[in-house]
Amino acid sequence: MKHLLLAALAALSFNLASAVEVAGVRFEDKSHVGSADLVVNGAGLRKKAVFKVYAMALYLPEKRGDAEAVLAAKGGKRVAITLLRDLSAQQFVEALQEGMISNHSEAEMAGLKDRLKQFSDTMLAAGEPKTGTIVLIDWLPESGTRLTVNGQVKGKDIAGEDFYKALLKIWLGSKPVQEDLKQALLGKAS
């Protein structure tokens, strides 16, 4: 019985040690998206001026330390965001749109326009994201980009891996929303 208790405590401490914590938000070291098991690639903090806006983690089938390798990786993916301050839905959507525009040409944006509108409309319809809101943006190869807010799927899945890659470029593109966050998501900083 004593050995069983020690084994259980060791397993529990291993699980606690392997989770990633950012600004008080705990991200599990593994996640399950669709039929895929994913591992946390990295996690970081989005700041605007002196304000902590959100903590986020990137989950992939296997760890990748290069943005191009992340974008080229096959299989399911997850961006997990936990808000650290109240935002209006409009602020959240505008920030995502600006991040996409910064990392794409006008021609590329023209090809993404309808899907970006669908995603933005879904985000706006989800309501005001308050402190503690958990937003999951998943890539499911069988159905597309899925938005989940506080455990509830919102809207319809959006087809096209190019759209999910465009979203990832907000944080991992050549003009990321925040360079140290990009490095953290690539597992290069804490």
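**Stop 1: the aromatic pairs**

The structure holds two aromatic pairs. Here, rings of Phe, Tyr and Trp (its six-membered ring) pair if their centres lie within 6.5 Å. Planes under 30 degrees apart count as stacked, over 60 as edge-to-face, and the rest as tilted. Select Trp139 and Tyr164. Their ring centres are 6.1 Å apart and their planes meet at 40 degrees, so this pair is tilted. The pair links distant parts of the chain: Trp139 belongs to strand 7 (residues 134-140) and Tyr164 to helix 5 (residues 161-172), 25 residues apart. Helices (H or I, at least four residues) and strands (E, at least two) are DSSP runs, numbered from the N terminus.

Colour by accessibility next. Buried means under 20% relative accessible area, exposed over 50%, partly exposed in between (1.4 Å probe, protein chains only). Trp139 is buried at 6%, and Tyr164 is buried at 2%.

A note on the model: it is predicted, local features need pLDDT of at least 70, side-chain atom pairs count only at pLDDT 80 or more, and totals for chains, interfaces and linings use all residues. Residues are numbered from 1 along each chain as its sequence is written, and side-chain values use heavy atoms, with hydrogens and water left out.

**Stop 2: helix 5**

Stay on helix 5. Its twelve residues reach 15 Å from first C-alpha to last, close to the 16 Å expected at 1.5 Å a residue. That expected span is 1.5 Å times one less than the number of residues. Which residues of helix 5 are buried? Select Phe163, Tyr164, Ala166, Leu167, Leu168, Ile170, Trp171 and Leu172.

**Stop 3: the cores**

A nonpolar core is a set of buried Ala, Val, Leu, Ile, Met, Phe, Trp, Tyr and Cys residues joined through side-chain atoms within 4.5 Å. The largest has 38 residues, and Val79, Ile81, Met100, Phe119, Ile137 and Trp171 touch the most other members. Helix 5 gives the most to this core, with eight residues. Now centre on Met100. Leaving out residues up to four places away in sequence, Met100 touches Met109, Leu112, Leu116, Phe163, Ala166, Leu167 and Ile170. Contact means heavy atoms within 4.5 Å.

Another core lies apart from the largest one. This second set has 15 residues, among them Val25, Phe27, Tyr59 and Leu136.

**Stop 4: Val39**

Go to strand 4 (residues 36-48) and pick Val39. Val39 is partly exposed, with 24% relative accessible area. Beyond residues up to four places away in sequence, Val39 touches Asp29, Lys30, Leu58, Tyr59, Leu60, Pro61, Glu62 and Lys63.

**Stop 5: two loops**

Find Ala49 in the loop between strand 4 and strand 5 (51-60). Ala49 has a positive phi of about 60 degrees, although it is not a glycine. Is Ala49 buried or exposed? Exposed, at 74%.

Then jump to Asn150, in the loop between strand 8 (144-149) and strand 9 (152-158). Asn150 also has a positive phi, near 50 degrees, and is not a glycine. Asn150 is partly exposed, at 47%.

**Stop 6: zoom out**

Show the cartoon: six helices and nine strands. Buried residues make up 44% of the 190 residues. Among contacts between residues at least 6 apart in sequence, 59% join residues at least 24 apart.
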